[in-house]
Amino acid sequence: MMMVFCVCIVVLAADNLYRRELFRQPDPFVVLTVDGSQTKTTKALKRTLSPYWNESFSVKVKPTSVITAQVFDQRKFKKRGQGFLGVINVQISQHVNVQTGGEAMVTQDLKNSNNSDPVQGRLVMQFSVEAQDANRQPGANRNNAPQAGPVSRNPTASSSASAGAAVIAGAATGAAASSVSPPPPPGAPPAGGPPSRASAQNTTESGDSMPQGWEQRIDHLGRVYYVDHNSRTTTWRRPQVAGAAPAEPAESERRRHMNRTLPDAGGAATPRTGASAGPPSAAGGGGTPSASSGAGASLGPLPSGWEQRFTPEGRPYFVNHIAHTTTWDDPRLRGNQAPSSNRAAAVAGIAGQTASRLGPLPSGWEMRLTAQGRVYFVDHNTKTTTWDDPRLPSNLDQSVPQYKRDFRRKYIYFRSQAAMRPVPGQCHIKVSRTSIFEHSYNEVMRLSVSELKKRLMIKFDGEDGLDYGGVSREYFFLLSHEMFNPEYCLFEYSAHDTYTLQINPHSGVNPEHLNYFRFIGRTMGLAIFHRRFLDAFFTSSFYKMILKKPVTLEDMQSVDADIYRSLKWTLENDISDMGFTFTVDDDRFGERVEVELKPGGKDIDVTEENKKEFVHLSVQYRVCDRIKEQFEAFQAGFHELIPEDLIQVFDERELELLIGGLDEIDIEDWKKNTDYRGYTESDQVVQWFWKFVNGMDSEHRTRLLQFTTGTSRLPVNGFKDLQGSDGPRRFTIEKSGDILALPKSHTCFNRIDLPPYPDYDTLASKLSFAIENTVGFAQE
C-alpha cells in the first residue's frame, strides 16, 4: 500500500490577476484540492489584483499526488462560469521529496481550465514536509531553516497587495526556497526597525525562552527580528539568555559580510581563515569556519560560480550564483553523494529563467539535474533523455556543413529575444480556399501587430479542422503560392530559372500594389514569427536588401543575365571609344525610356577611369532603384513583426533557410526520426510504407510530406526538428483504421494513421489516392 505523508501548504500570494470588470477589482480567494479531495479554502481579500493570503493548510499526500489550486472571485463565485481567475496543478514529487522531507517555493503562471475566458497572473505557494526518520536532511533542522508556517501574523487586506507583490518579486528571481537553503548571515540591526506585525510574546515559536523585555516578531517578508522594549531598539540577531555563550560581535559579522568574494578567474575561492571569518560560538553545533576552511583546502578550489559562506552559528553553506540557490552540500563532494531533495529547487530556478525566454517545455517533457548539476531533459513520450533543450534546434554533428552550425547559433539567439516571444491569447483568421489571397489581405491588414503575435488559429470556410499547427502550416503553403503568383504582376521569375522570384518593377499597373507589398511583408514576418515556412525562394539580391547589404555585379546575374554579361565585358575590356554615357535604357510596357544614373549623366562619358562607378550605378539601378517604392512598402510590413536589428544577425543564405526551410528530403533521415504507435519498424506494413516512399519521385515525396505535416518544407536540421502543436514532434506512423479505409493524416501532430493493409499493392493505391485527392480538414 502506498505511504501517505503530511504536507504543510502555505498559500502565499498571487500577482497581476486578470481584471474582468472595468470599475471594480476582484475579491480573490484560493480553493486547494489534493487528488480531487481534501478541499481547503483561503479567505477572500477585498478588491485587489495582487492578493497576499499567507495561509497554511495541512494535507495528506502520496508521492504521486497532484495539488490543484484554483483562484476565484468571491463576488461572482456563485454565478456559473463567471468567477474563475485561473488554476495551477502541482505534482508534489517534482518539487519536494515527501519521504526525506524538505521545503520548496513554487511560482507558476495561472492557466485556463476549459473555457475561453482570459487568464493571467502568477500564484506562489510553499510546500513543507517533515522528515519521516531520525536521519534527517540538513535542511530539516528547524533552527536553521525557515519555518513552514505562514511568514506573518494576521495580514490585513490593506497591506495584502504590497506584501503579495514582495513575495512574487522574491519568488521570481528563480531562487526557490528549499529545505537546504539556509538564511544568509544577518547584517546590522535596522535603524528604525521593521514595522510591528505580531503581538508581543516572550517565547519563540519553537518554545525557547526570551530574555526579559524582549519580543520576537516577523516582518511582512517573513524575516524574524527581535524587539528590545528595554532600550526601544530592534535587531536581526537573537538575544542571548543569561548564562548562554556570548553572541558574536555585530561589527565582526558586518565585516565578514563585506568581505565576501566570488571565486577568481581560475576558479579558486579565497580561503577563509579563523581570523577573517571571526569564529562564532558553538551555539548551533556544526564546525567553525576555520575547521571548514581546512577541510575545504584539501578538496581543492570550489567550482566556478560557487561561494562558501557561514551561518551565525558558524555552520558552512554554499551559494551557487549561477542557479541562484544555496545548499549545505559541498559541490566538490557531489560526485560521491546520492541525489538530494534540493535538486527540485534548483531545477525550479533554472526552469523559471529559461521559460521567461523560451516559453514552457513541450507536452510530455521534463527538466532534470544530474548529481553534478548539469541540466538534461526527459521525453516521457518516447522514454528517452537528451542534453538538448527541445525548445531549441537540436545539436548538429561535425559532418554537418559549417553554415548550418553557424545558423543554429544565430537561430538560438534570434528566438531568445523578447521581441520574438508570442503574446498570450489567440489570433483567429478565417479565410476561403478559393479566395485565400483577398481574404488574407483583409484579415491580416485589419489586425494590429499585437494581435498577430498571439497564437494563430486559422480556419478555412466550410471545414471543421482545429488548428494546432497543421492548419496554419497548410495556410502559409497555399497563401505563398497565391501571393507570389506572377499573374498578379507583383513578382516575376528571375532570369535564369522559373522558381526563383524577384519583385516586378512594373507592378504599378495595379494601383493598390504598394498596399499589397506591405501585406506581403507582414505575412512573411508573420510566418517567421510563428515558425512557419513559405513555399517560395527569391533572388540573392532580395535577401541582401532585407539585410541592408550592398548588392554586387554577381547579384545582377539572376536579375538579367544579358545585362550581367554586358557589364562584366565592360570591366574586362577597353571601352574608351564605345560612346557610353551614365545612362541606361529601361523598357516600360514597350516604351524605351532613358534614365540617368547620376545627375547630368547623359552628358558624362564612360571612360576607363570611371567605368567601375558606371557598373556599380547600373547594378544599383537595375536591382534596387527600379523597385524602391515596392521594397520600402514590403519592408514596412516586414519590420512590424521582425525587428531590423534582429534579422541582420543572419546572412542571405541563412535568411533563405529561415523563410523557406529546406526542400531536400533525405529518406534515411526521415526513417531515423520516425516514431511508431501500434507498429514496430520491422512490421511488414511499415516495410511496405518505406518501400513505397523510396519508389516515389521527389514531387510525390514532397506531396506526401505536405499531406502528413501540412508543409512541404523542412527545418534546417531536417526531420529531427519537425514542429508540432506544442513544440518539436517527430513524424509518427500509427496503426489505425479499417483495411478498406484510406490513410488519414493529423498535420498538427505530424502523424499518419496507416491501416494494416494486407498487401503492398493495396497500401500503394490507397496512399497514392489519399495524397492526390485530399483537400481540406475535418474534425473527429
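Arg47 sits in the loop that connects β3 (37-41) with β4 (52-61), helices and strands here being DSSP runs (H or I, at least four residues, for helices; E, at least two, for strands) numbered from the N terminus. The model is a predicted one, in which local features need pLDDT of at least 70 and side-chain atom pairs count only at pLDDT 80 or more, while totals for chains, interfaces and linings use all residues. Residues are numbered from 1 along each chain as its sequence is written, and side-chain values use heavy atoms, with hydrogens and water left out. The points below cover backbone angles, helix packing and salt bridges.

**Positive phi outside glycine**

- Arg47 has a positive phi of about 50 degrees although it is not a glycine, and its relative accessible area of 54% makes it exposed, where exposed means over 50%, buried under 20% and partly exposed in between (1.4 Å probe, protein chains only).
- Lys548, which belongs to the loop between α11 (540-546) and α12 (553-559), is also not a glycine and has a positive phi, near 60 degrees; with a relative accessible area of 47%, Lys548 is partly exposed.
- As background, most residues other than glycine have a negative phi.

**Helix α10 against helix α15**

- Helix α10 (residues 513-529) and helix α15 (residues 628-638) have axes that come within 6 Å and cross at roughly 40 degrees, the axes being lines fitted to C-alpha atoms, for helices over the stretch in contact, with angles running from 0 to 180 degrees between N-to-C directions.
- That angle makes α10 oblique to α15, given that angles under 35 degrees count as roughly parallel, over 145 as roughly antiparallel, 65 to 115 as roughly perpendicular and the rest as oblique.
- On the α10 side the contact (heavy atoms within 4.5 Å) is made by His513, Leu514, Phe517, Arg518, Ile520, Gly521, Arg522, Met524, Gly525 and Ile528, and on the α15 side by Glu629, Gln630, Ala633, Phe634, Gly637 and Phe638.
- Sorted by class, the contact of α10 with α15 comprises 8 nonpolar, 5 polar and 3 charged residues, with Ala, Val, Leu, Ile, Met, Phe, Trp, Tyr, Cys and Pro counted as nonpolar, Asp, Glu, Lys and Arg as charged, and the others, Gly among them, as polar.

**Helix α9 and its packing on α10**

- The axes of α9 and α10 are 12 Å apart, and the two helices pack at an angle of about 155 degrees, so α9 and α10 are roughly antiparallel to each other.
- The crossing of α9 with α10 is left-handed, and the contact brings Phe476, Leu479 and Met483 in α9 to Phe519, Ile520, Thr523, Leu526 and Ala527 in α10.
- In the contact of α9 with α10 there are 7 nonpolar residues, 1 polar residue and no charged residues.
- Ser480, in helix α9 (residues 470-483), is buried at a relative accessible area of 1% and, leaving aside its neighbours within four places in sequence, is in contact with Leu534 and Asp535.

**Salt bridges**

- The count comes to 22 salt bridges, each defined as a side-chain nitrogen of Lys or Arg within 4 Å of a carboxyl oxygen of Asp or Glu.
- Arg522 and Glu640 meet through their side chains in a salt bridge (2.5 Å, N to O), and this pair links distant parts of the chain, since Arg522 is in helix α10 and Glu640 in the loop between α15 and α16 (644-647), 118 residues apart.
- Within that pair, Arg522 is buried, with a relative accessible area of 7%, whereas Glu640 is partly exposed at 23%.
- Lys568 and Glu572 form a salt bridge (3.9 Å, N to O) and, being 4 residues apart in helix α13 (residues 561-572), are separated by about one helical turn; Lys568 is partly exposed at 31% relative accessibility, and Glu572 is exposed at 57%.
- Glu734 forms a salt bridge with Arg677, their closest N and O atoms being 3.7 Å apart; because Glu734 lies in strand β28 (residues 731-735) and Arg677 in strand β25 (residues 674-677), the pair ties together parts that are 57 residues apart in sequence.

Definitions and conventions. Left-handed = near helix turned anticlockwise from the far one by under 90°.
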